[in-house]
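Subject: Structure handover

Hi,

Here is the structure I promised to pass on. Please open it alongside this email; my notes follow below.

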Number of protein chains: 2
Amino acid sequence: VPTRRQTLQVAAATMLSGLFRPSASRAATTAVRLPDRRTLDKALRAFAKVVGDDWVFSSAEDVALYRDSYSLLWGEPDEKVAAAAVAPTSTEQVLEVVRIANQYRIPIYPISTGKNLGYGGAGPVLSGSVVLDLKRLNRILEVNERNAYAVVEPGVSYFDLYNYIQERNLKLWIDCPGPGWGSLIGNALDRGLGYTLAQYRNHFEAHCGMEIVLPTGTLMRTGMGAMPNAQTWQQFKTGYGPWVDGLFSQSNFGVVTKMGFWLMPQPEAFGIGRVYVPRYRDLIPLVDIMNRLEASHILQGFSSLSCPIIGTSIGGGPSAMVPTQQDAEIMAIVNDPNGFSPERLDAIGVKKGLNFWSCDFNLYGPAKLIDTQWSCAQDAFAAIVGARFELEIQPLPLPKEKIDALQDTVSLGIPTLRTYSTGPLTDYDGAAVVGHVFFSPVVPRTGEAVMAANDVLGKLARSHGLPVTPIQFPNPAFERAFLFVIALPVTRDIKVNQKIRKIFAELVQVAAAHGWGEYRTTPAFYDEISATYSFNDHALRRFHETLKDAVDPNGIMSAGRYGIWPRHLRPGGE
Amino acid sequence: VPTRRQTLQVAAATMLSGLFRPSASRAATTAVRLPDRRTLDKALRAFAKVVGDDWVFSSAEDVALYRDSYSLLWGEPDEKVAAAAVAPTSTEQVLEVVRIANQYRIPIYPISTGKNLGYGGAGPVLSGSVVLDLKRLNRILEVNERNAYAVVEPGVSYFDLYNYIQERNLKLWIDCPGPGWGSLIGNALDRGLGYTLAQYRNHFEAHCGMEIVLPTGTLMRTGMGAMPNAQTWQQFKTGYGPWVDGLFSQSNFGVVTKMGFWLMPQPEAFGIGRVYVPRYRDLIPLVDIMNRLEASHILQGFSSLSCPIIGTSIGGGPSAMVPTQQDAEIMAIVNDPNGFSPERLDAIGVKKGLNFWSCDFNLYGPAKLIDTQWSCAQDAFAAIVGARFELEIQPLPLPKEKIDALQDTVSLGIPTLRTYSTGPLTDYDGAAVVGHVFFSPVVPRTGEAVMAANDVLGKLARSHGLPVTPIQFPNPAFERAFLFVIALPVTRDIKVNQKIRKIFAELVQVAAAHGWGEYRTTPAFYDEISATYSFNDHALRRFHETLKDAVDPNGIMSAGRYGIWPRHLRPGGE
């Protein structure tokens, strides 16, 4: 269990480059019926009785550590900042804290480790909320090698679980997101993504069973966990009756205090199979064949789609935008001020022996299986004239020197922070870049949709000077759709941040007009993106609100998260 | 669109052997605040204005067709029977019917095709409800071959979709449950199971996107469908914000009017790999290795676990209990009145060259991939001393003669009704058997758990004269747990049915004491099984009830389904 000092240091680490300034924002939020100072103080004293004085943070200096250092609202009156924080160490303490929050009507905002950077940090959505910091609930409750699962508390990070498995030499892998310091539960609840087999990449889908403190202060278990003495809580997801787990992702319906995750057995070997195709429009059959191979489970997840002809490296995830070798003649065509038609590159690419597209597949298993899977893939891709293939197989586990030499290790189930060394941008509009927010629309898994998204969203982003390559590669983490991520810079210059917010909002609107919706976002845009899911006069949001009011009658839990506000904070509310 | 006559004929077909008798049950339910006859008649007239006179069924003879012919309450005062039925033909009509039901407080009970036999038929849970028969909503709205999905209405059966695909020669497979006449939507919402690749077998998990008429008469779309003009409704499941789809399975929170399903591309070949192991306790490593191979996605779903030594055929699904060749000397040991210890068979089995266990894996893909997968599986299973292997590969599609000769075709994605030819029992306690109900607990995926379940549940069932083999094989449809199904007979003899209900209840209690919970059940046992999921004073059921009251304030929708009752029908309700 971390000490108080360590807890705050971890909080501080989220402020990668933020300089603390007293926030002007709290005043602005009193309009939305925050508890008065006296009531807050009473509640904080009650919290302290439960968790101990050391674990209630209310000094300006301590509370500042919970600011979202990647906030595009930094230093503005609208910046979303906490009034205080409380860090319980057990589920029982969480129950007590939630009950006290109800008693005093204190808005609370649970975080796991607060490392959801780019999609929100440790800061609340409603300024004046008390952050419920769960990083002291950091027990690994079970790792079962025979049935390949783990049960953890919210404070457990990918590094923690990885180390636990390594120390015991268990033959299990975890699937981690780009940076590995975040919480398994936090990432899964935000529906975050990883890099190994398709079935493990979607961290929410790879979960099995939850324990939840409901906003009314009741402890509930889902799935088979609802049966006392359950033997299959981590083996069978849906249990009996309505399956409620989805309600607790991207939402504010409860505090998840335990969660099971399915793990992947350690494979015998790792392979990267790569296919190159020469022409721009080859993307269409390339994606179609990929879809067929993956839906047949012959291949099980690809890792990137690249564009060698314009010299951009392997895409997917944070490194998508790193330029590598570029050919001057080709880049002149790409950067033609009169516009760029990708098909113009086909002839020159063939002449220079540069392929237009390449696509990497991660392959796991015995070497002979990887060989055969790749042979089947080649048979299928051979339908594209000029397709070329490469396969590289490494026996596992890799020796330490090899791991240390890798740019990124996430495809091998090894958590890392190396991804932070590949930032795309150091300054924007004269302001130093201190972080990023992700614009993440889901587009159809067809070549045509990738072309259209580049044409519409890529062009728009580039027109605002964002470092988006002329052809942006979709993130392949989902099984059946593409994620067309664009990273926007965050600075400490209010004017520049305001401009970036305008660009973000424009991207959201243009994408929605094309039927492309975001799968996840940062708090500054929760409401804006929620508004684009407007079918039948926002029927889904109204349904979410109906559930919210029923489950959290006092509206104390994570008000505003993913655009869901309790009744008393909604326009026209009580 | 079927005619009125055809609709009723389809309803009638669910009464496989039921003889209509006027039911005594409706009177018994008036205690639970059913609308009076005059109000009901007004509502029926209002329904008729929406759907036409021909599509409101209220004569005793018509309504009787909606009885559950597999009901263990048949002919008793507690039998759950409808007051009438209404069959709309469009989503707009469903919306109108639901609004009228609210206006007159008429309990309605949506069914898709009413073919959930063994887990409930077309009958409601609350007697006096009006069945909302959706089988005229039978449009196949889209089948997309490139992205391998279908969008259907609730009246579309597995046969319908199969025929649609065959007629157009699309290279797609469907995954069907035992009998293929049911509804894709109905089966998925009841969280039904199939027989092909692991990722398609779980019909609820293989869905993507819903359209729902909420109990208040509002139309809602989930996932990406909440965005107007959505391009990825059938490609990305969770959308933005809380994922609500799970709420509409095994529940009564809405009427699903459209649903997307992920389909499997037609494979090149089909293989059955079989492993035999000689001794009783070999089951433990057999299951462990199977788990590792499946969690690694080297194998992707096995089809059965059998017990050649006692002469029982391939298990899993409805044919699990069919005896084949049996050795007299061995059966004498098995049927020893002083009790049966399976380990006693090891030596004699080795002497006679009979293996204790065998396990079949379905393999799909190019023949060379099947070969390699099976070679990898052999490498792993070879750790069991005496393991033997067989592999049979068939190129696809199979010629018609071969298909016609098969006992069952579901592993090939071909819907069938042949499963009805394999009933385990013709009479019980002197009464003719007319159907069955399934007792379906989930047990851990370990050899020890299979042994324990046989020892506890199998023995208990046999002690009541049920035709359960001395070693019962778990159904392997789930990815990470076993389903230990026992079929109990249904008769038309009230005394015998009462006895069977007592046995069923005893099985439920004994299983719960071991931490084994049912994943699904028939209406007669909804409440009983719900009660076993009692963690923290039934916290999950109370949560379900909180949601139910919020979503369906008048309590008109499927009252009692999966043990969820609206407030006014709960003990201590208003």
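**The interface between the chains**

Chain A and chain B bury about 8,600 Å² between them, and 64% of that area is on carbon and sulfur atoms. On chain A's side, A:Tyr240, A:Arg480 and A:Phe535 stand out: they supply 12% of the area that chain A buries against chain B, more than any other three residues. Please keep in mind that this is a predicted model.

The contact draws 101 residues from chain A and 101 residues from chain B. Polar contacts link 51 residue pairs between the two chains, counting pairs with both residues at pLDDT 80 or more. Several elements of chain A each bring at least two residues to the side that touches chain B, including α8, β9 (219-221), α9, α12 (367-381) and α15 (494-513). Helix α17(A) gives the most to that side, with 11 residues. By class, the side of chain A that touches chain B has 51 nonpolar, 34 polar and 16 charged residues.

**Salt bridges**

Side chains of opposite charge can pair when their charged atoms come close. Over all chains, the structure holds 57 salt bridges. Across the interface of chain A and chain B there are 8. One to look at joins B:Glu205 and A:Lys237, with N to O at 3.8 Å.

For a pair inside chain A, go to A:Arg139 and A:Glu153. Their closest N and O atoms are 2.8 Å apart, and the two form a salt bridge. A:Arg139 lies in the loop between β4 (130-133) and β5 (140-144) of chain A, and A:Glu153 in the loop between β6 (149-152) and α6 (158-167), so the pair ties together parts that are 14 residues apart in sequence.

**The largest cavity**

Rolling a probe the size of a water molecule over the atoms shows where empty space is left. The largest cavity holds about 470 Å³ of space. Its lining takes in 33 residues. Which of them lie nearest its centre? They are A:Glu205, A:Glu479, B:Gln199, B:Glu205 and B:Lys237.

Three helices each supply at least two residues of the lining: α8 (198-201) and α9 (283-295) of chain A, and α8 (198-201) of chain B. By class, the lining has 14 nonpolar, 10 polar and 9 charged residues.

**Backbone points to check**

Most residues other than glycine have a negative phi, and most peptide bonds are trans. A few places here are exceptions.

- The peptide bond from A:Leu396 to A:Pro397 is cis, with omega near -5°. A:Pro397 sits in the loop between β15 (388-395) and α13 (400-405) of chain A.
- B:Leu396 and B:Pro397 are also joined by a cis peptide bond, with omega about -10°. B:Pro397 is in the loop between β15 (388-395) and α13 (400-405) of chain B.
- A:Asp537 has a positive phi, near 55°, and is not a glycine. A:Asp537 is part of helix α17 of chain A.

Best wishes

How values were computed: Residues are numbered from 1 along each chain as its sequence is written. Chains are lettered from A and ligands numbered from 1 in the order in which they are written. This is a predicted model: local features need pLDDT of at least 70, side-chain atom pairs count only at pLDDT 80 or more; totals for chains, interfaces and linings use all residues. Side-chain values use heavy atoms; hydrogens and water are left out. On a 1 Å grid over the protein atoms alone, a cavity is a set of points where a 1.4 Å probe fits but cannot get out, and a pocket is an open set with protein on both sides within 12 Å along at least five of seven lines; lining residues have an atom within 4 Å of a point. Grid points are joined across faces, edges and corners, and a volume is the space filled by probe spheres set on the points. Helices (H or I, at least four residues) and strands (E, at least two) are DSSP runs, numbered from the N terminus. Ala, Val, Leu, Ile, Met, Phe, Trp, Tyr, Cys and Pro count as nonpolar, Asp, Glu, Lys and Arg as charged, and the others, Gly among them, as polar. Contact means heavy atoms within 4.5 Å. Buried area is the accessible area (1.4 Å probe) that two parts lose on being put together, summed over both. A salt bridge is a side-chain nitrogen of Lys or Arg within 4 Å of a carboxyl oxygen of Asp or Glu. A polar contact is a pair of N or O atoms within 3.5 Å; within protein, one must be able to donate a hydrogen and the other to accept it, and residues adjacent in sequence count only if both atoms are side-chain atoms.
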